[in-house]
Amino acid sequence: MIQHVTNPVLEVHDLTVSYQRKPVLWDVDLTLPQQALVGIIGPNGAGKSTLIKAIMGLLPLNSGFVELFGKPLEEVRKRVSYVPQRESVDWDFPASALDVAMMGTYGQLGLFRRPGSREKKLAMEALEKVGMQDFAHRQISQLSGGQQQRVFLSRALAQDADLYLMDEPFAGVDIATETAIIELLRQMRDNGKTVVVVHHDLQSAQDYFDWIILLNMRLVASGPTEETLTPPLLEKTYGGRLTELSRVSELLQKKQFPIRETKPTRK
Amino acid sequence: MNIDAFWIILTGALVAICCSLLGCFLILRRMAMVGDAISHAVLPGIVLAFLFSGSREVWTMLIGAALLGVACTFLIEFFHKKARVQADASIGVTFTTLFALGIILISVYAGKVDLDQDCVLYGEIAYVPLDIWLTESGMNLGPRTVWIIGGVLVVLLLFITIFYKQLYLTSFDPAFATAIGLSTTLWYYLLMGAVSLTTVAAFESVGAILVVALMVGPPATAYLLTDDLKKMLIISALAGTIASAAGFYLALWLNGSVAGAISAVIGLQFLLAFVFSPGHGLLAKRRQPVAVMKANA
């Protein structure tokens, strides 16, 4: 089930990526609609992070191409924001939360201009949006995991992009932070942005996203949540893995009940 | 203070500022030993420059050394990225091989090359005032080394102030830097080029060991004292300057090696920071659990 859209925000065409000759992504071909909250779902090692790294040009492509807003990345870099995995950086680095948020403005500054009061204001506003304004001058190693993740998000917000690609923004954050973050992502979508999120948890995926990409090296499905989060497609994505299968059956059971009434409604 | 002492301390301070500024970025990238690598790897460059030009003129040697320095950083990056060897292993294997190559070249051409390995490795900062730059009209402009290192410092200060944000971001989060269109490779080589230039300009006068000590010691001390990279750069430059002045007088008092005394002071500074630093120090850590418990209560 691969549904294509016209006028896509993001088009991935026949993409193949490999690490040391071992293919990680094989012939992925998909398009994403505007103003959507998109989840990339799949088992460990399915190539979820690889997909968004390939989209951001961080990895060499074996074949295929990626177009954003109908143009190659180089021409629209300022409209795209990337949030790496939290563990990918050294949090003992001598930087404050404000310093990190301010990095979001660097792309607009060009080669020589240095961040000034305007950039500081933008960064402060971004920190306020994620509720981290009181921690602006705190060194980043003194923040909790959830707070660090929010600082990363504020950096993306400071970029003021139209398309956001986030690598596991919910990894290692508590439920309160997760709720706050998803609320923020919904607001962003309602303001016309497209947010693509690598996500692990099948159960919350149902409530969080309006478009789902199911990935396991090959693209299993890409389409609206109701049509993609189905037992046959999930089974195809997760294969015969026992633990994952039991989760699928859990989901099956839930489907027999009206889950929308017990869980927070999707806006 | 006599004029010779002034020149020695000034040279030491200039070298200290150059090395410690760059060292801050190196230790944050976990590449502190790159300075060590470059200062050893330049040996074959010096020998080859000598063999090809046949002269011991300073500029040919510096160019030969600088070329090998950059080649060394290229090889380190190449082995790290392509062969997927750890960065520190890659540094180790590259510079020992290049240094060995230099030693072999010297021993094979022993008759033709009049080079002293000790001189390359240990240098002697006390001889700085002997190599005076005289203009054609005979005007005394002071030691040549001071001019060379001074020039390097000006280049470095411009480089770091103008491109601070690029150096900062590519050191902290290379993936994000690439995503917004900064070339991490370009900034890596520019930084390594600067390290190579500094090492080559400095080791001739102060020796490789002191260069390494200055590139790692003061930045490590500053890292313990602050959580802000700008302050870290300033503190480490100050610490390096103080160490070179204090080291000179320590050496005078002991009648010993200046480079050795400076390195010892650097070690002492680090030890003091380790024990007394307000944020990361041993004493502060001992007090911290109590403070945290109070905050939670």
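**The sheets of chain A**

A: Chain A has twelve helices and nine strands. Both kinds of element are DSSP runs, numbered from the N terminus: H or I over at least four residues for helices, E over at least two for strands. The model is predicted; local features need pLDDT of at least 70 and side-chain atom pairs pLDDT 80 or more, while totals for chains, interfaces and linings use all residues. Residues are numbered from 1 along each chain as its sequence is written, and chains are lettered from A and ligands numbered from 1 in the order in which they are written.

Start with the chain as a whole. Of the 267 residues in chain A, 42% are buried (20 or more other C-beta atoms within 10 Å of the residue's own, all placed from the backbone). Now take contacts (C-beta atoms, placed from the backbone, within 7 Å). Of those in chain A that link residues at least 6 apart in sequence, 70% link residues at least 24 apart.

Next, the three-stranded sheet. In chain A, β2, β1 and β4 form an open sheet in the order β2-β1-β4, with antiparallel pairing. Two strands pair if DSSP finds at least two bridges between them. The edges are β2 (22-32) and β4 (63-68) of chain A, each pairing on one side only. From one strand to the next, the twist averages 20°. Such angles run from 0 to 180 degrees between N-to-C directions, and axes are lines fitted to C-alpha atoms, for helices over the stretch in contact.

Look at one pairing here. Strand β1(A) covers residues 10-19 and meets β4(A) in the antiparallel sense over five bridges. Among the details, A:Glu11 has A:Glu67 of β4(A) as its bridge partner.

Then the six-stranded sheet. The strands of this open sheet in chain A run in the order β5-β6-β7-β3-β8-β9, and their pairing is mixed. In chain A, β5 and β9 (218-224) are the edge strands; each has a single partner strand, so one side of each has no neighbour in the sheet. Neighbouring strands are turned by 15° against each other on average, direction ignored.

Strand β5(A) spans residues 80-83 and is covered on both faces. A:Val80 and A:Tyr82 are buried on one side, A:Ser81 and A:Val83 on the other. β5(A) pairs with β6(A), residues 163-166, in the parallel sense over four bridges. Within β6(A), A:Leu165 is the residue opposite A:Tyr82.

A:Arg218 of β9(A) stands opposite A:Asn216.

Helix α1(A), residues 48-55, touches β3 (37-41), β6, β7 (194-199) and β8 of chain A. Its direction makes about 145° with that of β7(A). Helix α6(A), residues 145-159, touches β5 and β6 of chain A. The direction of α6(A) makes about 170° with that of β5(A).

Last, the partner chain. Chain A puts 17 residues in contact with 19 residues of chain B. On the chain B side, α7 (164-172), α8 (174-179) and α11 (229-254) each supply at least two of the residues that touch chain A.

Key. Contact = placed C-beta atoms within 7 Å. Buried ≥ 20, exposed ≤ 12 C-beta atoms within 10 Å, placed from the backbone.
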